[in-house]
Amino acid sequence: RVRMHTAKLMKRETLDDPIPVATQAEVDAFKRSRGPGPSIEEFRVHLNGKGLASKWNEAAASLFAEDLTRTGWAEDTAPMRIREMFTVHLVTLRNQHRSQNDGGVELTQAQRDKRKGENRLHRRRYVSAVHGLDCHRRR
């Protein structure tokens, strides 16, 4: 449901369609003044920053949860849980966006390993934050 509704809001019919992304200037302006940010009419996410946890993406997740609940697809799911699911989906969107912008260039093994490590760390941090588990401890 999250993937399909995100695609609908972003007006993406296929995975090859570009992902609408907010510019860094728009994100910075939104962060400073709480000015114009994400909207349902022009639904975009912030994927070009260092991480995915930004005020812009938090606002987009809230809008997404409200809209998904309004459509009736998730009336039995709490809005906070919907926001969490959307936040997890941002990782997939970022990976798709990176692939689209690589211009079809094959990544080196070192680049793939780096991305894999970044994704693994993100998952550990997410699980730790949401479920209160200590995933950073070495065995």
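Biologist: Which helix is the place of A59 in?
Modeller: In this predicted model, A59 has its place in helix α3.

Biologist: Leaving aside its neighbours within four places in sequence, what is A59 in contact with?
Modeller: With those neighbours set aside, A59 is in contact with F30 and P38.

Biologist: And how are the C-alpha atoms of A59 and G37 separated?
Modeller: A distance of 7.6 Å separates the two C-alpha atoms, while A59 and G37 are 22 residues apart along the chain.

Biologist: Let us turn to helix α1. How do the axes of α1 and α3 cross?
Modeller: Helix α1 covers residues 2-9, and its axis comes within 11 Å of the axis of α3. The two axes cross at roughly 105°, which makes α1 roughly perpendicular to α3.

Biologist: Which residues meet there?
Modeller: From α1, the residues are V2, H5, T6, K8 and L9. In α3, they meet F64, D67, L68 and T71.

Biologist: How do the residues of that contact divide?
Modeller: The contact of α1 with α3 has 4 nonpolar, 3 polar and 2 charged residues.

Biologist: New topic: pockets. What volume does the largest pocket have?
Modeller: The volume of the largest pocket is about 830 Å³.

Biologist: How many residues line the largest pocket, and which lie nearest its centre?
Modeller: The lining has 27 residues, and G51, L52, A53, T87 and H122 are the ones nearest the centre of the pocket.

Biologist: Which elements give two or more residues to that lining?
Modeller: They are α3 (55-71), α4 (79-101) and α5 (109-131). Helix α4 gives the most, with 8 residues.

Biologist: What is the lining like by class?
Modeller: The lining of the largest pocket consists of 10 nonpolar, 9 polar and 8 charged residues.

Biologist: One last topic: confidence. What is the mean pLDDT of the protein?
Modeller: The mean pLDDT is 80, and 86% of the residues of the protein reach 70 or more.

Conventions. Residues numbered from 1 in each chain as written. Predicted model: local features only at pLDDT ≥ 70, side-chain atom pairs only at ≥ 80, totals over all residues. Heavy atoms only, no water. 1 Å grid on protein atoms, 1.4 Å probe; cavity = no way out; pocket = protein on both sides within 12 Å on 5 of 7 lines; lining within 4 Å. Points joined across faces, edges and corners; volume = space filled by probe spheres on them. Helix = DSSP H or I, 4+ residues; strand = E, 2+ residues; numbered from the N terminus. Nonpolar A, V, L, I, M, F, W, Y, C, P; charged D, E, K, R; others polar. Axes fitted to C-alpha atoms, helices over the stretch in contact; angles between N-to-C directions. Parallel < 35°, antiparallel > 145°, perpendicular 65-115°, else oblique. Contact = heavy atoms within 4.5 Å. pLDDT = per-residue confidence, 0-100.
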